[in-house]
Amino acid sequence: MWEALNTISHSICRTMCESGHLLAHWLTRILAETFLPTVLLYGTSWPVAAFLLVNAALGAGVLNYPYAYDKAGGVFFAAFLQIIMMIFLISTMLVLVYSADVNKDNTYHDVLLSLCGRRAQQFAALSILLTCFGICITFLIIIGDQYDRLFLSLVKEEFCTRWFYDRRFTISATAIITILPMCYYQRLDFLRYASSLGIFAMLYPVFLTIYEYYKLGVTPGRIKVMPDSAVQVFVVIPVFSFAYQTHEIVVPVYACMKNRNIRDFTKATFLAMAMLFFIYCVAGSFGYMTFGSLIAPDIMEQYDGSDPIVLVGMLALVVKMITTYPQLVVCGRGALDGLYAEFAHLTTDQFIKGEFKRRIVVTTLWFMTTLLLAVLAPNIGVVIELLGCLASVNIFIFPGLCLISLSQRSDQYLEHWKSRAKAFVASLMIMFGTFVFGVVFTKVIMYDLMSNNGKVSHPKC
């Protein structure tokens, strides 16, 4: 199956590269090889398409979900907010596939290029680049969280006094020894089977939230029934958006369907959202009800690392982060290569000739920067919120621009009421995405990062 996917992706890449679309070449390869785990050679059915969407959305956001429930105002309000968000998400996903049908585009970026121009495509590439960068930071923070919980459970009081138990050392040592050497490879085919651990690693915390809810005898903190303020609601919207985000692969999945039509894709979308809703509600509800307002940004931090059942989950998460980080470096490096080639006007020969030098320089800078930020970041919740800001751009702003372009294509002066209605809805999407991005970004920078003064939080000490 992987060989079929590889053949398809490289065939598309080769065609686009020969057409002169070097950026599109890299972005297509990134999406095909990184986000789609399996594609049937003769097309996928809509249930398989739903699974691909679930697999793309399910990630590190699971660990932060109980904490997001506390910010959202408790179990019932968080569930209600998720349902509202899913309505918007499904709508924007259908806008993208409807837009893809105009020119039979096969990637998210092709749609933007066709309807919004090359600048929009380049901004989307930058968004993917920053998303990969942020997820790499998140992975390193998760590694540190697992070590913190493990060592605290095993050595107890020595955890806060020994320098080699400090997360700054454990994150750095693990990253330099195990992750950095793999990042310099041009291809990471050997990690494909190891990365299949991802589904298990991401679903295991869901099981643990149920297991620990009935096992632990802790007294939970305050259980909310409403959010503390409207700002908290807007802050948690990007977190939910990030958890359900599949927009970058919506068009490639749609293009791979056996029956490429909006009706079948709508069924796939509803099935995928229902599965994600169930998974996230279980993780969020049981995790939040166990600890209440005492919940940590990473739910795994609060479980006993000496328990073999918890230890399995911790080890699976560490292995998942180690094997997935290099793939995201390749993804981000490819997007950066494409952008650089576009702006530097490189020929194909120049691009190939300078590939090795760029790979070494970009990989080194990428690794050192993400490592530094992971060590300085207060917790995983801050990075998830920033990633949610980028998700709001891909979910609301870019699809809104596509919808405006569609309405103008059929009615340039918006004389018909349907065209005006489409333009109005698109404008609301763009304004909402911009507003959420601005509010959350400002909150994270001013209150979460600046108030932390660069200190790493160690609530266990």
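**Before you start**

The model is predicted, so local features need pLDDT of at least 70 and side-chain atom pairs count only at pLDDT 80 or more, while totals for chains, interfaces and linings use all residues. Residues are numbered from 1 along each chain as its sequence is written, and side-chain values use heavy atoms, with hydrogens and water left out.

**Stop 1: the whole chain**

Show the protein chain as a cartoon. Its secondary structure comes to 17 helices and zero strands; helices (H or I, at least four residues) and strands (E, at least two) are DSSP runs, numbered from the N terminus. Of the 461 residues of the protein chain, 57% count as buried. Buried means under 20% relative accessible area, exposed over 50%, and partly exposed in between, with a 1.4 Å probe and protein chains only. Among the contacts in the chain with a separation of 6 or more, 84% are between residues 24 or more positions apart. Contact means heavy atoms within 4.5 Å.

**Stop 2: helix α4**

Select residues 61-72. Twelve of the twelve residues of helix α4 are buried, so this helix is largely enclosed by the rest of the structure. Among the buried residues are Asn64, Asp70 and Lys71, as well as Tyr65, Tyr67 and Tyr69. Now step on to Gly73, which follows α4 and has a positive phi, near 105°.

**Stop 3: α5 against α12**

Select residues 75-103 for helix α5 and residues 262-291 for helix α12. They pack at an angle of about 155°, with their axes 10 Å apart. Axes are lines fitted to C-alpha atoms, for helices over the stretch in contact, and angles run from 0 to 180 degrees between N-to-C directions. α5 and α12 are therefore roughly antiparallel to each other. The cut-offs are under 35 degrees for roughly parallel, over 145 for roughly antiparallel, 65 to 115 for roughly perpendicular, and oblique for the rest.

The crossing of α5 and α12 is right-handed. A crossing is left-handed if the near helix is turned anticlockwise from the far one by less than a right angle, and right-handed if clockwise.

To see the contact, show side chains in α5, including Ile83, Met86, Ile90 and Met93, and in α12, including Phe265, Phe270, Met273 and Phe277. The residues of this contact divide into 18 nonpolar, four polar and one charged. Here Ala, Val, Leu, Ile, Met, Phe, Trp, Tyr, Cys and Pro count as nonpolar, Asp, Glu, Lys and Arg as charged, and the others, Gly among them, as polar.

**Stop 4: α7 and α8**

Next, select residues 118-155, helix α7, and residues 167-183, helix α8. The axes of α7 and α8 come within 9 Å and cross at roughly 120°, which makes α7 oblique to α8. This crossing, too, is right-handed. Among the residues that meet are Leu140, Ile141 and Asp145 of α7, and Arg167, Thr170 and Ile171 of α8. The contact of α7 with α8 divides into eight nonpolar, three polar and three charged residues.

While α7 is on screen, click Thr138, which lies in this helix. Is Thr138 buried or exposed? At 1% relative accessibility, Thr138 counts as buried. Leaving aside its neighbours within four places in sequence, Thr138 is in contact with Ala60, Ile380, Val383, Ile384 and Leu387.

**Stop 5: Ala374**

Go to Ala374 in helix α15, residues 355-376. Its relative accessibility is 0%, so Ala374 counts as buried. Ala374 touches Ile137, Leu140 and Ile141, not counting residues up to four places away in sequence. Ala374 and Ile141 are 233 residues apart in sequence, yet 5.5 Å apart in space, C-alpha to C-alpha.

**Stop 6: α10 across α16**

Select residues 230-244 for helix α10 and residues 380-410 for helix α16. They pack at an angle of about 70°, with their axes 7 Å apart, which makes α10 roughly perpendicular to α16. Residues making the contact include Val235, Pro238 and Phe242 of α10, and Ile384, Leu387 and Phe396 of α16. The contact of α10 with α16 divides into ten nonpolar, two polar and one charged.

**Stop 7: the cysteines**

How many disulfides does a search of the whole structure find? It finds zero, with a disulfide taken as a pair of cysteine sulfur atoms within 2.5 Å. Select Cys183 and Cys136: the sulfur of Cys183 is 7.4 Å from its closest cysteine sulfur, in Cys136, too far for a bond. Then try Cys331, which is in no disulfide; the nearest cysteine sulfur, that of Cys132, is 3.1 Å away. Cys183 is buried, with a relative accessible area of 0%, and Cys331 also counts as buried, at 1%.
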